[in-house]
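Please read this briefing alongside the sequence and the model shown below. It begins with a single residue and its surroundings, and then turns to the chain as a whole and to a few selected parts.

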Amino acid sequence: MATHRRASLCWQFLVWLGLVVGVLAASDQGDWWQRTVFYQIYPRSFMDSNNDGVGDLRGITARLEHLKDAGIGATWLSPIFLSPMVDFGYDITDYTVIQPEYGTMEDFEALVAEAKRLDIKIVLDFVPNHTSDQSDWFRRSVAREGPYTDYYVWHDGREDPTAENTNGPQRRLPPNNWPSVFYGSAWTFHPERGQYYLHQFTAQQPDLNFRNPAVVEELREVLRFWLRKGVAGFRIDAVNHLFEAEGFPDEPESGTDTDPLSYGFTNHIYTKDLLECYDMVYQWRDLLDEWTREYGGDTRIIMTEAYANITFTMKYYHSEQDPPRPGSHMPFNFLLITDLSQTSTAPDFVHTINKWLTYMPRTGATANWVLGNHDQPRVGTRYGAERIDAMNTLLMTLPGIAVTYYGEEIGMVDNPDARKGEPEAEAGKAFIAFSRDPERTPFQWDDTANGGFCSGQVQPWLPVHPNYRQLNLAAQRQAERSHYKTYQRLVRLRGHETFRHGAIQLVPYSNDIIAYVRELADSDTFVVVISLAPTARTVDLLSVFPRLAPELHVASSGFNSSHPTGAIVQSDRLAVDGYDGLVLRSIPLASRKNKFSLPAFLGAAAKDAAVIASIVIALGTGLYHFQYRARALGGAKWSGGFKK
């Protein structure tokens, strides 16, 4: 055991060497968006104020106190703009008009005012890639009316080589083999204009032409419109689809999907992740930064949605030129959704978390973690309902920004019987695969009819999950222990300076136990233990984290845990219940300086950061590069963000 401890201490020493590089690049993570929890509201499903079965703005306003109670500091709303609702708001007719189902502009202004009173920021969904085909812009473009003629991507199409030669007009085919994300060709022929138009999503969502400067300016004015209304920023939808390759070449076949109408049939090298997409984000960031400089107030932010590989995603933070152009404050990190599942192991989790931290730029970047959204199965459905508290524990204790999808704080799960509409003939199974209704069902406020979302005499737009009588906010607020009580406690813990500014050391203790330490000089040390196992395990935390105190205080646990908050446990023989998520508090580093002087150690190590970096790389560790407060280096203020 002594030999093992000495080996662990040696590894700890090398890990701290790796931290120095992060220390030198760190800065104060003090801006509002870096220290809050973001909460996504799907407006149709949050609260219905007028009993028409559809959630609305007044309903959101009436329930903002819930966000305050949960500890939320900012919420972003899925689209609330005028729309025929083919894609439930992501097909926009007018970017500056409120969808009547949701209320009026006065209702929105009242929402912003109440949110301001409660110190909650409002972030709007911005959908720039496409509009609705009912948009006035599109109708005028169809008619070739200036200046709208080239507001969308139009093409004559290709001649059909198999058509017989006649004196009549030659039959035309789509310009290329590009498939839509939602199945079928990405091109639809419009008989009135006599050309094909591009739609990377549904045929009712024609793509705007971002190579037209007039389109770019139209959308800049949309941003200014809502900034004048007092919003704190924008979540930009499908940002990596904005540009397509000029010349419209066929995309190469992927070789992994045999259906030419399926999105997986081609590799999307000409329709996604083009360099121009990043430049557009940098332009929008310039606009928001300029607005903040001119009008004052808190920083206005950009959050970007792009399902892309890790290298492409990182480009949204800022450009690679010198000096870099700033981009998205939060390129959404979907790795906890896309790369992990119910069958993932502790090494899988550690690898995935470190993947983001390793690729993230050393300067001008703050990590973020997203567990769910309106397009993905809920946490309890994806990971298993028994792991909800463990997953929320993970979300709230990693360094950086946390994003919660509405209902995850009480452990809502998908309702598989909630699907709106019927599949089109050509889509078939694709409709079922792409239906996102099961994760969009109404919030479960209490055990009254329809979960308190609307009255019992009204049928909500999607059926409430039948478990609402047992699983609802009111019951969980009254219970001594619940998902919601655990969530609240985790949000409060997240405000601790160690979680805001501290370093992280993350290891797979075993195949089904994740463990990591969050440390900050002169402050409390926390160790987090996440169990993926169905049965109890005994863990010796001192074998991997030898600087922990012998006894630890339980700061948070799952609501079914045998370790209540405030209990004392032993570091070297911790019994971890199946599927538990534990946050354990150790004693402050300052009281153990006689054992290990971190300031002196870091001061000496910082003299040769290049050597330190080479040692870390040689060891093959890309983890543990997070930041410390610089009082560890002599008094300057350092934290868990990166230098801007």
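Pro 438 is found in the loop that lies between helices α14 (429-434) and α15 (473-478), where helices are DSSP runs of H or I with at least four residues, strands are runs of E with at least two, and both are numbered from the N terminus. This is a predicted model, in which local features need pLDDT of at least 70 and side-chain atom pairs count only at pLDDT 80 or more, while totals for chains, interfaces and linings use all residues. Residues are numbered from 1 along each chain as its sequence is written, and side-chain values use heavy atoms, with hydrogens and water left out.

**Surroundings of Pro 438**

- Pro 438 has a relative accessible area of 6% and is therefore buried, a word that stands for under 20% relative accessible area, whereas exposed stands for over 50% and partly exposed for values in between (1.4 Å probe, protein chains only).
- Leaving aside neighbours within four places in sequence, Pro 438 is in contact with Asp 414, Asn 415, Pro 416, Ala 418 and Arg 419, contact being defined as heavy atoms within 4.5 Å.
- The C-alpha atoms of Pro 438 and Val 413 are separated by 8.4 Å, although these residues are 25 residues apart along the chain.

**The chain as a whole**

- The secondary structure of the chain comes to 19 helices and 25 strands, and buried residues make up 60% of its 644 residues.
- Of the contacts in the chain with a separation of 6 or more, 70% are accounted for by residues 24 or more positions apart.
- The chain exposes about 24800 Å², of which carbon and sulfur atoms supply 52%; accessible areas come from the Shrake-Rupley method with a 1.4 Å probe, and for residues only the protein chains shown count as cover.

**Helix α13 and strand β16**

- Helix α13 (residues 388-397) is mostly covered, with 10 of its 10 residues buried, and among them are Ile 388, Asp 389, Leu 394, Leu 395 and Met 396.
- Thr 404 has its place in strand β16 (residues 401-405), and it counts as buried at 2% relative accessibility.
- Beyond its neighbours within four places in sequence, Thr 404 is in contact with Val 37, Phe 38, Tyr 39, Gln 40, Leu 395, Met 396, Glu 409 and Tyr 487.

**Helix α7**

- Helix α7 (residues 213-228) has 16 residues and reaches 23 Å from its first C-alpha to its last, close to the 22 Å expected at 1.5 Å a residue, where the expected span is 1.5 Å times one less than the number of residues.
- At the start of α7, a side-chain oxygen of Asn 212 reaches to within 2.9 Å of the backbone nitrogen of Ala 214, and just after the helix Gly 230 takes a positive phi of about 100°.
- The buried residues of α7 include Val 215, Val 216, Leu 219, Arg 220 and Trp 226.

**A sheet of 3 strands**

- An open sheet has its 3 strands in the order β7-β11-β10, with antiparallel pairing, and its edge strands are β7 (154-155) and β10 (187-190), each of which pairs on one side only; two strands pair if DSSP finds at least two bridges between them.
- Strand β10 is joined by 4 bridges to β11 (residues 195-198), with His 190 standing opposite Gln 195, and in the hairpin of these strands, which has 4 residues between them, Gly 194 takes a positive phi near 80°.
- Strands β7 and β11 pair in the antiparallel sense over 2 bridges, and Trp 154 has Tyr 197 as its bridge partner in β11.
- Gln 195 and Tyr 197 point one way from β11, while Tyr 196 and Leu 198 point the other way, and all are buried.

**Aromatic rings**

- The count comes to 37 aromatic pairs, where rings of Phe, Tyr and Trp (its six-membered ring) pair if their centres lie within 6.5 Å, with planes under 30 degrees apart counted as stacked, over 60 as edge-to-face and the rest as tilted.
- The rings of Phe 210 and Phe 243 have their centres 5.8 Å apart and their planes at 55°, so this pair is tilted.
- Because Phe 210 lies in the loop between β11 and α7 and Phe 243 in the loop between β12 (233-236) and α8 (275-295), the pair ties together parts that are 33 residues apart in sequence.
- Phe 210 is buried at a relative accessible area of 5%, and Phe 243 is buried at 6%.
- One aromatic cluster includes Phe 210 and Phe 243 together with Tyr 95, Phe 126, Trp 137 and Trp 284.

Technical notes:
A polar contact is a pair of N or O atoms within 3.5 Å; within protein, one must be able to donate a hydrogen and the other to accept it, and residues adjacent in sequence count only if both atoms are side-chain atoms.
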